[in-house]
Amino acid sequence: GGERMLASASPSRPGPRARARAGFRSCKAGAARTLVKRDASSADRNDNDIDDENEHHLTMPRTTHVVCMSFDTLVDATDEMCLVGHEAARRFWPKKIPGTPAEYADVFRMLMPCLEESSSFEGALMVRVMAEENIAERTRFRLMLKRRKAERIKAEAAERAAMERAVTAKQRERFELEATRRAAELAARREEYKREMDRMTAGRTTRPLNLREVVAAWDEIKLHASMKFGCDLQTDVGWEGLTVQPAGLQRVVNEVREAFGAGTVTLSRDDTGDDEEEEELEELERIGDGMEEARDDEADDDGSTPKQRWLASHRLHHGAAEFLEACANEGHEVLVLGGPYRSAACVGTVLTHLGVRVDQTEGSDDAGTRAETTNAETNADGGFGRVRVVGAEEGTARGLVVGAVMREREMPWQRWHLIDSSLSELERVSRSELTVGFKARYAAWVPALHKDKVRAEHAVGVEFIDQDGLFGIVGLETPSSVLDSR
């Protein structure tokens, strides 16, 4: 026991190897301390440079949105469709289209919900049906009768209330005489209405179609009307499925629209009159009585040219100007799609007239040249927003065009959207595997039939969006001016 106590009390001395290992550890620790100090000092000296390098390598671009909008989503072209359709129908069906575009425009707006594409042949075919069935005049006549009936019922209710308050026999007799006189006037008016209706339907063996019937059954009417008017039918199978249309009518519509845009259109005169009247006009033309200028300005007496009237028939939808300006300020991109039948130059001309800045156009050389001129004029005059135009030269199917452009120039930080005005196009987009890279929605402010909206939403799953949602998809707050005026 004593030896163990002495051994524990005596200091231990390391051997030669232990001393060597201990010295190695001490040298290593000293070197480590030196390295730490040198690293710390170098970090102090180059701290700013290292931070700059980290920021350069780690900073990612913020998320931006590319919103692809069809032309009809951005621009209300109802009046333009009537103007172009009227001229195209006159060229396609000579001596069948009486009157001027202004005589069709107000009723044509009521028929717009059954027409999906403002650039299609259906506008010209609708004008032909309106002329054949005399829909415009009969619709205005029926609206006048409806307004007069409401006024008469209101006046009769007021007189009945006054009759109840009458206290003397003389007052009651005066009201009774007034009622008898009004009844006689009503009978005379009804006879007049009957004669007017007979005049508007003279020469017909069947009851003419009214406006509601045309809107409800347009898909069937446009086919049967084409056959009734003696047109050769053209059948195509493509992205749109099976389509049947009068052969050559779409080409005439496209030519008229491009001529309006270029300012080279020559308007057709009303050739539905008698032969004697036509001979008299030809004689006046031969003499040189200025009939050429009179015919050019027959649709408008303010002296404007056909191109000016064509440009004036377009207007931006509510909230479009604010949305384009907000996207330009936040760095988001807007693509305007002219398909299926509007060229890039035509779209650029209209947008420039409406005050929108148009960047260089993707398309043919001629379209690009006209777009550069348009862009220069817009920048010189100011304007708002900034858009790029993709015309029908790039493709007639907007869903496929967006998919092709996205695959060509998509970046990881971009989010792509399609805002369209055609329920049929969105149904095709939702069923196709070529359009899965972007989100497609329907612009709810574009008129469409209720039954088509219900079918597209519940049977196909088409998503609807309003002006508030349009600002929401790009992460922007909707201006109060847009919300208050909806």
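The largest pocket in this predicted model holds about 990 Å³ of space. Among its 34 lining residues, Glu-116, Glu-122, Lys-222, Thr-243 and Ser-424 are closest to the centre. Helix H11 (218–228) is one of the elements giving two or more residues to this lining, and H11 has the largest share, five residues.

A pocket here is an open set of points on a 1 Å grid over the protein atoms alone, where a 1.4 Å probe fits, with protein on both sides within 12 Å along at least five of seven lines; lining residues have an atom within 4 Å of a point. Volume is the space filled by probe spheres set on the points, which are joined across faces, edges and corners.

Now for the second largest pocket: Arg-148, Lys-149, Arg-152, Leu-186 and Arg-189 lie nearest its centre. Helices H8 (135–165) and H9 (169–200) each supply at least two lining residues, with H9 giving the most, eight.

| Pocket | Volume | Lining classes |
|---|---|---|
| Largest | about 990 Å³ | 13 nonpolar, six polar, 15 charged residues |

Let's turn to one residue. Ser-70 sits in strand E1 (residues 64–70) and counts as buried because its relative accessibility is 1% (buried means under 20%, with a 1.4 Å probe and protein chains only). Beyond neighbours within four places in sequence, Ser-70 contacts Leu-337, Arg-398, Ile-419, Asp-420 and Ser-421 (heavy atoms within 4.5 Å).

Residues are numbered from 1 along each chain as its sequence is written. Local features need pLDDT of at least 70, side-chain atom pairs count only at pLDDT 80 or more, and totals for chains, interfaces and linings use all residues, while side-chain values use heavy atoms, leaving out hydrogens and water.

Technical notes. Helix = DSSP H or I, 4+ residues; strand = E, 2+ residues; numbered from the N terminus. Buried < 20%, exposed > 50% of the residue type's maximum accessible area, 1.4 Å probe, protein only. Nonpolar A, V, L, I, M, F, W, Y, C, P; charged D, E, K, R; others polar.
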